[in-house]
Amino acid sequence: MASVAFIGLGNMGGPMAKNLLAAGHSVCVFDLSTEACEALEAAGASVAASAAAATDGVEYVVSMLPAGKHVAGTYLGESGLLAQLNSDVTVLDCSTIDAATSREVGAAAEAMGIGFMDAPVSGGVAAAAAGTLTFMCGGSEETFLKARELLSAMGKNIFHAGPHGAGQVAKGCNNMLLAIHMLGTCEALEMGARNGLDPAVLSEIMLASSGRNWSLEVYNPYPGVMENAPASNDYQPGFMVDLMVKDLGLAMDIAKDAGVDNALGQLAQSLYEGHQAAGNGSRDFSSALERLRKPA
Ligand code: NAD
């Protein structure tokens, strides 16, 4: 069993750290929130007074932070973690951030002989709690092989996407596609419903036809069609519109850097930004259906 420092114990990091404990790893945690640290202490973790103190003598560092600036601030610079870690430590940053920052931290780690991987996740809070996340990893083959067992305590699908930053690129591509097929699914269902079709019947038809997609399969946006979907629970998240807008912003950077004309992605971004501005930021992203249902 490994000794792990876990930095960032929010909605995702908290349950992920608990799954490491449940798998028998020894976990030392740090978060700016005392309350978040106390919840992990109650689950069996030790709590450190700083990120640096948490990493003292560990084999792995895992972080789950909000954005690129938090990751850069944690790892880079004279007072950052990389400057004080031994070269046999493996660092796994599971935050969803811009690929450029992941590459920068990855290169800095490599220059010090430290194995680093960006390892953003798909699956949300429920999958974090259930230990069924999908990890998309960017880093060397050697670091990937070293990290795989630890990640398997928190997720069930673990992919090596390529070098540093590739995990973030994979995540950006996936979430842009998710936004597009969710919006398309909302439009198709509303179109059918206003033409007198039962959305449940239409969903069955499209699931057995070429319109089949993940939003229809497990996350139907029409209220009442799928009992456990956020749509049937007043669009309680789930996956918040605010997070979708954040991820679409990252996806736009990825497309722009590569010179890809992602017209549908840009349209999805502007539709989700409008939905967010209308006061829906903390609702589930499938609430985009209401853009179509409410009278103008
Ligand atoms: P969150 O806001 O709930 O948690 C972030 C935590 O990081 C907070 O507890 C905060 O106190 C802590 N933190 C911030 N700066 C810190 C620092 N310098 N040192 C230590 N702790 C610090 O966010 P979350 O929902 O857990 O998301 C974390 C990451 O996972 C984000 O990058 C997000 O995009 C990604 N993600 C979230 C979901 C989701 O459904 N929530 C799904 C997939 C990926």
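Two residues are in contact if their C-beta atoms, placed from the backbone, lie within 7 Å of each other. The structure shown is a predicted model, in which local features need pLDDT of at least 70, side-chain atom pairs count only at pLDDT 80 or more, and totals for chains, interfaces and linings use all residues. Residue numbers start from 1 along each chain, following the sequence as written.

Figure 1. Helices (H or I, at least four residues) and strands (E, at least two) are DSSP runs, numbered from the N terminus. The C-alpha trace spans about 65 × 45 × 35 Å along the principal axes. Of the contacts with a separation of 6 or more, 64% are between residues 24 or more positions apart.

**Figure 2. Domain 1 (3-163) and domain 2 (169-293).** The domain bounds come from an automatic or database domain assignment. Taken over C-alpha atoms, the two centres are 29 Å apart. Contacts link 8 residues of domain 1 with 10 residues of domain 2. The side of domain 1 that touches domain 2 has 4 nonpolar, 3 polar and 1 charged residues. Here Ala, Val, Leu, Ile, Met, Phe, Trp, Tyr, Cys and Pro count as nonpolar, Asp, Glu, Lys and Arg as charged, and the others, Gly among them, as polar.

**Figure 3. The shell of 27 residues around the ligand.** Gly8, Gly10, Asn11, Met12 and Thr96 come nearest. Helix H4 (68-75), helix H6 (124-130) and helix H11 (241-258) each give two or more residues to the shell. H4 gives the most, with 3 residues. By class, the shell holds 14 nonpolar, 11 polar and 2 charged residues. Domain 1 and domain 2 each supply at least three residues.

**Figure 4. Helix H4 and its cover.** A residue is buried if 20 or more other C-beta atoms lie within 10 Å of its own, exposed if 12 or fewer, and partly exposed in between, with C-beta atoms placed from the backbone. In H4, Gly68, Val71, Ala72, Thr74 and Tyr75 are buried. Seen down the helix axis, these buried residues fall within an arc of 165°, so they line one face of H4. The arc is that of the directions from the helix axis to the C-beta atoms. Their cover includes strand E1 (3-7), helix H3 (51-54), E4, E5 and H5. After H4 comes Gly77, with a positive phi near 85°.

**Figure 5. Thr101 in helix H5 (residues 99-111).** Thr101 is buried, with 22 other C-beta atoms within 10 Å. Leaving aside neighbours within four places in sequence, Thr101 is in contact with Gly68, Val71 and Ala72. Thr101 and Gly68 are 33 residues apart in sequence, yet 6.0 Å apart in space, C-alpha to C-alpha.

**Figure 6. The two sides of helix H7 (residues 141-151).** Thr143, Phe144, Ala147, Leu150 and Leu151 are buried. They cover an arc of only 120° around the axis, which puts them on the same side of H7. On the other side, Glu141, Glu142, Leu145 and Glu149 are exposed. Strands E4 (60-63), E5 (90-93) and E6 (115-118) are among the elements that cover the buried residues of H7.

Technical notes
Near = placed C-beta within 6 Å.
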